[in-house]
Amino acid sequence: MRAYHIGVFGDSGSGKTTLLRELHETFAGLSIWINHSQEQGIAGAVAQGETALRNADTHRVNLRMKDGREAISMAREVAAEYAQDTGYPVQIITDEADDVLPADADESNPLRRGLQRDRDRRIKHVVSSQNPQNTRKEALSNARYFVWVGSPHTLHDGFLRYYNLSSLDYPREQFKYATIRMKHPPEIVAEGHTSERYA
């Protein structure tokens, strides 16, 4: 069974993190939030290193580490073991992914490697950015779905053109989102509104 990676994009304040919190809390399996920016209100056991991550007695983990790349390396290792031992899927959520996966990220970058190699290991990556044009494009091309939250900003035009997304009918309000299946041509396959309880 393959996991399908997701890119979540939108302007600052559009509701991306609210949507990510909902995805984190409702995922049917182990969900690990890479908390490298001290985000508050994340569900699950707080882990601050590999030992704490491995010993977290929950299916929701808030992995707080300043070094997002190191956190992702740990999370991928634990996720692979968990998926192999239990047969259940795992998702790793990285908010503000452009800090962890910059446009110049090389082959050794753990998030880039995860997006390229983890689907067959039942590990799903959810990456989010308000500046997706600053994120490694080749790595994002491994995402099966993009979710756009709120209305795109003019600064997103280059990114939307690169992925042939500029003609789609995007939401016009904060906290509304459109799910885009990345095929040729891309198409919106679902629309929704984030839940207030996760704000």
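Predicted model: local features only at pLDDT ≥ 70, side-chain atom pairs only at ≥ 80, totals over all residues.

Colleague: Thanks! Then is R121 buried, exposed or partly exposed?

Modeller: The relative accessible area of R121 is 35%. Buried needs a value under 20% and exposed one over 50%. R121 therefore counts as partly exposed.

Colleague: Which residue forms a salt bridge with R121?

Modeller: Side chains of opposite charge can pair when their charged atoms come close. For R121, the closest N and O atoms of the bridge are 2.7 Å apart. The partner is D118.

Colleague: And how many residues apart in sequence are the parts that D118 and R76 tie together?

Modeller: The side chains of D118 and R76 also meet in a salt bridge, at 2.8 Å from N to O. D118 lies in the loop between α4 (110-117) and β6 (123-129), while R76 is in helix α3 (residues 68-86). The pair therefore ties together parts whose separation in sequence is 42 residues.

Colleague: Are D118 and R76 buried or exposed?

Modeller: The cut-off for buried is under 20% relative accessible area. D118 has a value of 0%, and R76 has 13%. Both D118 and R76 are therefore buried.

Colleague: How many salt bridges does the structure hold?

Modeller: The bridge between D118 and R76 is one example, and K183 with E187 is another, its closest N and O atoms being 3.1 Å apart. K183 is partly exposed at 42%, and E187 is partly exposed at 27%. For the structure, the number of salt bridges is 11.

Colleague: Let us turn to the rings. How many aromatic pairs does a search of the whole structure find?

Modeller: One of them is F9 with F146, an edge-to-face pair with centres 5.0 Å apart and 90 degrees between the planes. F9 belongs to strand β1 (residues 5-9) and F146 to strand β7 (residues 143-149), so this pair links distant parts of the chain, 137 residues apart. F9 is buried at 1% relative accessibility, and F146 is buried at 1% too. Over the whole structure, the number of aromatic pairs is 9.

Colleague: What is the angle between the planes of Y162 and Y163?

Modeller: These two rings form an edge-to-face pair, 5.0 Å centre to centre. Y162 is exposed, with 51% relative accessible area, whereas Y163 is buried, with 11%. The angle between the planes of Y162 and Y163 is 80 degrees.

Colleague: Which residue has its charged end over the ring of Y162?

Modeller: Y162 also belongs to one aromatic cluster, along with F9, F146, W148, F159, Y163 and Y170. The charged end in question sits 5.3 Å from the centre of the Y162 ring. That residue is K137.

Colleague: One last stop: leaving aside neighbours within four places in sequence, which residues are in contact with N142?

Modeller: N142 has its place in the loop between α5 (137-140) and β7. N142 is buried, with a relative accessible area of 18%. Apart from those sequence neighbours, the residues in contact with N142 are H5, L115, Q116 and R119.

Notes. Residues numbered from 1 in each chain as written. Heavy atoms only, no water. Phe/Tyr/Trp six-rings, centres within 6.5 Å; stacked < 30°, edge-to-face > 60°. Helix = DSSP H or I, 4+ residues; strand = E, 2+ residues; numbered from the N terminus. Buried < 20%, exposed > 50% of the residue type's maximum accessible area, 1.4 Å probe, protein only. Lys NZ or Arg CZ within 6 Å of the ring centre and 35° of its normal. Contact = heavy atoms within 4.5 Å. Salt bridge = Lys/Arg side-chain N within 4 Å of Asp/Glu carboxyl O.
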